[in-house]
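Trainee: Could we go through the charged contacts in this structure together? I'd like to see how each answer is reached.

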Amino acid sequence: MNWKRVAFIIISELIIIGSFGYLYGIASQPKLRDYVGDEVWYVPASRNILHRLGVELHYVNETTNAEGVNVIFSNTSMRIKYQYSVEKIALRYNATYEKKYLKFPGVYFEIPVENLGAFLDELEREIPSDAYYVVTGYWYPDKENIQNYLNTEHPFLGKDLIMLGMLIEDKPINWRLPGLIAFFILNVLVLLTAYKISRSYLAALIALLFSAADPTLQATAVAAMLDIHVAFFVALFMALLVFERRYSAGFAVGLAAAAKLSGAFGWPVLLVRAFKRENNLPSFLFTIAAFPAIGFLLPNVPAMMAIGIEKWFREFLGSFRWHLSSKGGHPAASPFWQWFINKKAFALHYDPNIFVQTDPFLLLAMVVFIFAMPWLYRRKPKILVPFGIFWSTVGFFALQYLLGGTTQFSFYATVLVPPAAVTMGVALNELLNWDAFRESREFYIEWGIKVKNRIIGRLGRGERPTGRDDQGTSENIEEKPITGLETSRK
């Protein structure tokens with residue numbers, strides 16, 4: 001049995017499972033049974049898409065066994081005219097909770113599960129169909145026009161994954177579960193990628209520690225954010241490139257872009273790899289264009305079905321103007337260069353505090369590694385893949401800033417963590433002088449053997465191991481050589 005491999009597997013499992021369990025505990029705590037950070041945009045957009053596709057969600061308050069239902073009026077006039085009637089119907093069916101929205105025309109009720117069908121039937125009989133519609137599930141955040149918001153400024157894969165959790169039940173922990181799973185698999189990908197490049201268990205564990213403990217990944221994993229999904233697909237893209245699966249890597253970079261456009265910022269690395277490795281034009285074009293396009297378009301099909309292909313395409317093109325414009329003086333705005341020193345964290349929640357902070361040691365190390373990269377490349381050539389993805393992504397964020405998209409935030413840096421962690425693991429393993437640690441370990445082993453033999457020898461002669469006689473005087477302890485150990489280091 002290879003004890004090093006067994007130890008590597010056990011330690012890796014403890015880190016990956018332990019970090020997942022820790023974050024699941026945070027995401028599921030009672031204080032976070034509401035919207036956290038940008039969940040106020042992504043979750044309602046997911047719910048609205050599902051509603052347009054005819055999917056009925058469910059949320060049951062476990063305490064009261066009552067099901068959530070949003071009654072949304074067509075406009076403010078209809079609300080004024082019919083809200084009181086709707087409330088009377090809800091009371092008739094023993095509504096246990098009511099939440100009135102102030103910034104859009106709607107009201108939320110929790111109706112006992114056994115009464116929900118009858119409540120909806122009476123609404124249909126008593127209220128004109130053009131005056132309202134019903135969205136079952138969790139309540140909405142009280143934001144202007146949130147009942148129609150679809151978040152078309154971003155592609156839909158991240159929201160597709162949030163939807164999968166909502167299909168189980170429309171409640172906070174289920175919105176977040178896909179992100180937590182993405183965090184789990186991302187760490188596995190970082191571990192395998194670092195090992196593939198370095199063939200070193202130590203390098204892989206260093207990379208894993210940096211990704212599993214990264215504050216940026218952790219914060220975005222406990223909230224239903226898009227960025228954790230972008231980071232996951234970038235990690236997948238990176239791993240497939242390192243394992244020389246270029247077609248699959250092209251598909252993966254398309255998926256990363258389908259979660260958020262910044263996921264495509266590592267595409268130039270695929271272009272360079274394909275240019276060097278593909279030996280015919282069709283294969284080259286499939287790698288850099290066809291598979292990325294398929295990976296991008298497929299996850300957007302639900303949005304196309306919900307709003308129409310033409311409208312989706314117009315809004316996709318229009319999103320570039322949004323990304324390249326300033327959003328005003330946001331107090332948490334943090335340009336890309338500030339991520340390297342954790343200048344300004346983005347607050348997702350207070351009590352418990354969830355801040356998206358960057359790891360300056362990890363990101364600044366990527367600057368230092370620039371000066372060592374030629375040497376590292378000669379020793380581990382594939383280190384250029386994660387290193388290139390990192391700096392290509394930073395370069396595109398810089399270009400976005402120069403073109404007018406100056407409102408950037410610390411959580412944008414989530415996408416940088418997987419390639420940075422892999423580079424860190426491989427580079428540290430190569431750059432540090434591990435002989436110092438190995439020789440020090442041997443010294444401690446030899447010293448321990450000497451001490452053990454000396455104690456055993458004295459006990460065998462009936463002497464006190466403390467080195468003092470009965471009168472309390474010190475004995476002269478003669479050091480006797482231990483055969484083979486003194487000469488072993490010559």
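Mentor: Gladly! A salt bridge here is a side-chain nitrogen of Lys or Arg within 4 Å of a carboxyl oxygen of Asp or Glu. Keep in mind that this is a predicted model.

Trainee: How many salt bridges does a search of the whole structure find?

Mentor: The pairs have to meet the cut-off of within 4 Å. Searching the whole structure on that basis gives a count of 16.

Trainee: How many residues apart in sequence are the parts that Glu244 and Arg273 tie together?

Mentor: Their side chains meet in a salt bridge, with N to O at 2.7 Å. Glu244 sits in the loop between helix H9 and helix H10, while Arg273 belongs to helix H11, so the separation in sequence is 29 residues.

Trainee: Is Arg273 buried or exposed?

Mentor: Buried means under 20% relative accessible area. Arg273 has 14% relative accessibility, so the residue counts as buried.

Trainee: Which helix holds Arg277, another partner of Glu244?

Mentor: The side chains of Glu244 and Arg277 form a salt bridge at 2.9 Å, N to O. This pair ties together parts 33 residues apart in sequence, because Glu244 is in the loop between H9 and H10 and Arg277 is in helix H11.

Trainee: Where does Lys382 lie?

Mentor: Lys382 forms a salt bridge with Glu244, the closest N and O atoms being 3.7 Å apart. The pair links distant parts of the chain, 138 residues apart, and Lys382 lies in the loop between helix H15 and helix H16.

Key:
Residues numbered from 1 in each chain as written. Predicted model: local features only at pLDDT ≥ 70, side-chain atom pairs only at ≥ 80, totals over all residues. Heavy atoms only, no water. Helix = DSSP H or I, 4+ residues; strand = E, 2+ residues; numbered from the N terminus. Buried < 20%, exposed > 50% of the residue type's maximum accessible area, 1.4 Å probe, protein only.
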